[in-house]
Amino acid sequence: MTLFIPDMAGRLFLLILLFDTFQYIKAKDLPRPSLTVIPAVIKERDSVQLNCQTPSSVSECYFKMEGQVEFTLPSPCQQTLTGTLLVRWTGQSSPAEVKIQCQYSATGSQFRSMFSEPSTVTIQDLPQLTVSSTVIRETESVQLSCETPPSLPVSHCYFYIEGRKNLPDSLCTQTITGTQLLKRADQTFPVVVKVKCYYAVWKSHTSPFSNSVSVTVQDPPPPRLTVSSTVISERTQFS
């Protein structure tokens, strides 16, 4: 009978296989952690709290994030991360879903536990519209700003007069007069004009509408009469 003696590569493979098997057996001996994410739906600029629930004697936790790229983060067992970091680390852009798992290493042990069941964090950004003033007169101006996700290469923003049509496409900040708002809304003052915005990514993808913001265009102020004197004689002449 011929005795099989593996070559160096075979021995290395066998050693790695035995090591992985040993690690798996040791990991099964440790209680499996559970992961909670609060909240589960955020915007890019918001934060999510990760809480890896483990036995009391833990030296370190590890968070594994799956997206287009897998990323493992050694950290304390409670971690707060922004949506911006999550999409950047996983190679995604909003809207995105990031699946996260956690594991831990016990105090005084070199072995790690098994990973928790995955929890999902959804990063979903709608544009947000802000205005410099909600009440203007016809001759005054208002600045419209459409806030977009920082991870996206936004090419154009569009401001929409509710029930009517878009303003000309522009950068995501635009200044418009009360007269222009009245003309676009096809109304006369006083009137409440509702404005929304949305954005395009290289004109191939358009976002949903933002929140609606109301701008009130008031009547022009009444004329103001002044007199040079409140008491005159018959011979007084006005200049």
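Glu-147 and Arg-45 meet in a salt bridge, with their closest N and O atoms 3.2 Å apart; the term denotes a side-chain nitrogen of Lys or Arg within 4 Å of a carboxyl oxygen of Asp or Glu. This pair joins distant parts of the chain, since Glu-147 belongs to strand β11 (residues 141–147) and Arg-45 to the loop between β2 (41–42) and β3 (47–53), 102 residues apart. The model is predicted, so local features need pLDDT of at least 70 and side-chain atom pairs count only at pLDDT 80 or more, while totals for chains, interfaces and linings use all residues. Residues are numbered from 1 along each chain as its sequence is written, and side-chain values use heavy atoms, with hydrogens and water left out. Helices (H or I, at least four residues) and strands (E, at least two) are DSSP runs numbered from the N terminus.

**Salt bridges**

The whole structure contains 3 salt bridges, tabulated here.

| Glu-147 | Arg-45 | 3.2 Å |

Accessibility is classed by relative accessible area: buried is under 20%, exposed is over 50%, and partly exposed is in between (1.4 Å probe, protein chains only). On this scale Arg-32 is partly exposed at 47%, whereas Glu-117 is exposed at 52%. Glu-147 is partly exposed, with a relative accessibility of 33%. In the remaining pair, Glu-66 is partly exposed at 31%, and Lys-64 is buried at 14%.

**Strand pairing**

An open sheet of 5 strands has the order β2-β8-β7-β4-β5, with mixed pairing. Its edge strands, β2 and β5 (71–75), each pair on one side only. Pairing requires that DSSP find at least two bridges between two strands. Strands β7 and β8 run antiparallel and are joined by 5 bridges; Val-98 has Val-121 in β8 as its bridge partner.

Strand β1 is joined to β3 by 5 bridges, and these two strands also run antiparallel. Thr-36 has Asn-51 of β3 as its bridge partner.

In soluble globular proteins, nonpolar side chains tend to be buried together. A nonpolar core is here a set of buried Ala, Val, Leu, Ile, Met, Phe, Trp, Tyr and Cys residues joined through side-chain atoms within 4.5 Å. The largest such core has 24 residues, of which Leu-144, Phe-159 and Leu-181 touch the most other members. Two or more residues come from each of β9 (128–131), β11, β12 (156–161), α3 (178–185), β14 (191–201) and β16 (213–218). Strand β14 gives the most, with 6 residues. Another core, of 21 residues, lies apart from this one and includes Leu-35, Phe-63, Leu-81 and Leu-86.

The buried residues of α3 are Gly-178, Leu-181, Leu-182 and Ala-185. They cover an arc of only 100 degrees around the axis, which puts them on the same side of α3; the arc is that of the directions from the helix axis to the C-beta atoms. An α-helix has 3.6 residues a turn, so residues three or four places apart point the same way. The buried residues of α3 pack against β10 (135–137), β11, β12, β13 (173–177), β14 and β16, contact meaning heavy atoms within 4.5 Å. Asp-186 follows α3 and has a positive phi, near 55 degrees.

**Aromatic pairs**

The structure holds 3 aromatic pairs. Rings of Phe, Tyr and Trp (its six-membered ring) pair if their centres lie within 6.5 Å; planes under 30 degrees apart count as stacked, over 60 as edge-to-face and the rest as tilted. Tyr-160 and Phe-209 form a tilted pair, 5.2 Å centre to centre with 40 degrees between the planes. Tyr-160 is in strand β12 and Phe-209 in the loop between β15 (205–206) and β16, 49 residues apart. Both residues are partly exposed, Tyr-160 at 22% and Phe-209 at 38%. Tyr-198 and Phe-209 form an edge-to-face pair, 5.3 Å centre to centre with 85 degrees between the planes. Tyr-198, in strand β14, is buried at 15% relative accessibility. Ring pairs link Tyr-158, Tyr-160, Tyr-198 and Phe-209 into a cluster.
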